Amino acid sequence: MINEAEPVNKTHKKLRRKLLIPGLVLAVASLSVPADRSIDLSAKVKIASVQEESLQNFFTESLSATNTETQQTSNLIQKLEDVKAEKAAYALKDNRDVSMDCVKIIASPQGYLAVYHTNNNTVFEGRLALSKDLSHWEYITTLDTYASQLTIFSIPNGGYIVGEEKNVFSDGNDNGSELDFKYYKDIDNLFSARADKDLLIPRTQSEWNEGTPNIYSVTFTNPNNPDISQSIIEVGFHYNDLSKEGDREANGVIKNFSSWNSQKDKNINSMFEKMGIKDIGDRDFFSYNGHPYIIYEARKTKNFADWRTYLFDVSN
């Protein structure tokens, strides 16, 4: 049984974020991220009070955006709004005519790698595909079943981490979803779906659903010896909040690919709620000309067609 952990280190840094829609700054928030729950997965999921700064090395002291940064953000918004039809792909499918739903793409020496899910007779399958041009995709392998909302991250030692929303079962009954992270030491193991490590994380923020992971960063204790067993992985995810009747945001830290520390992203959740948002889903962190941004999906009603994207300017 997972219980509330004892309070951990209250030292936390702050991140200033500006919520943007095309041409308009909607809000500014100061995000503080104290850890409130942690579990040691290597000790059969017992609660651990881990004295560490949440989301180490990622959140930084906020600074006011300069005029240059403001212009850069305006340029980014213009590019995002003005995608030419000939450069867009709709209802994307791989070369097996399988839909590439909720695709995540990264560059690699082999070309572009995509992880995505598809619904195969009511069972979600997590898949991997390869492309040279972002339009034509060759199916490589099925990474997992009962898996959706995949994300992929390449790391300096030549390996890859894939995160997913994993459906779990108890006595044959659906028991909701949990976060699952798989480590592949090289491209060959990734292409063969041979995970070198697999970390299924029991829920800590929701009684029913946690998922849509993204990976902010991976750092190694010894950069000269990049060992996944001596690493810190910073992630984002959503959890289902029954009291709000919707999905909300949280952050977590995987330490040494064995322990887990997570906390609700209360300020981001509050900001969206004040805008009338009912559900907050997936997110991704990226940089444009060296400036950091996060993009979220959210909706104001329970209508599936109402999902919209929201751009955050991460000023640091």
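I looked up R203 in this predicted model and found R203 buried, with a relative accessible area of 13%. The side chain of R203 meets that of E178 in a salt bridge, at 3.9 Å from N to O. R203 sits in the loop between strand 12 and strand 13 while E178 belongs to strand 11, so the pair ties together parts that are 25 residues apart in sequence. E178 is also buried, since its relative accessible area of 11% falls under the 20% cut-off.

Next I turned to K104 and D284, whose side chains form a salt bridge of 3.2 Å, N to O. K104 lies in strand 5 (residues 101–108) and D284 in strand 17 (residues 279–288), so this pair links parts 180 residues apart in sequence. I noted K104 as buried at 11% relative accessible area, whereas D284 is partly exposed at 24%. Through shared partners, salt bridges join K104, E249, D282, R283 and D284 into one network.

For a further pair I checked D97 and K93, where the closest N and O atoms of the salt bridge are 3.5 Å apart; D97 is exposed at 55%, and K93 is partly exposed at 40% relative accessibility. I recorded 17 salt bridges in the structure.

I then went to the largest nonpolar core, which has 19 residues, and where I161, F181, I233 and I254 have the most contacts inside it. Strand 14 contributes the most to this core, with four residues. Leaving aside residues up to four places away in sequence, I233 touches several residues, among them I161, I215, V218, V253, I254 and F257. A second, separate core of 13 residues includes V115, Y160, I187 and L190.

Note on methods:
Residues numbered from 1 in each chain as written. Predicted model: local features only at pLDDT ≥ 70, side-chain atom pairs only at ≥ 80, totals over all residues. Heavy atoms only, no water. Core = buried A, V, L, I, M, F, W, Y, C linked by side-chain atoms within 4.5 Å. Buried < 20%, exposed > 50% of the residue type's maximum accessible area, 1.4 Å probe, protein only. Helix = DSSP H or I, 4+ residues; strand = E, 2+ residues; numbered from the N terminus. Contact = heavy atoms within 4.5 Å. Salt bridge = Lys/Arg side-chain N within 4 Å of Asp/Glu carboxyl O.
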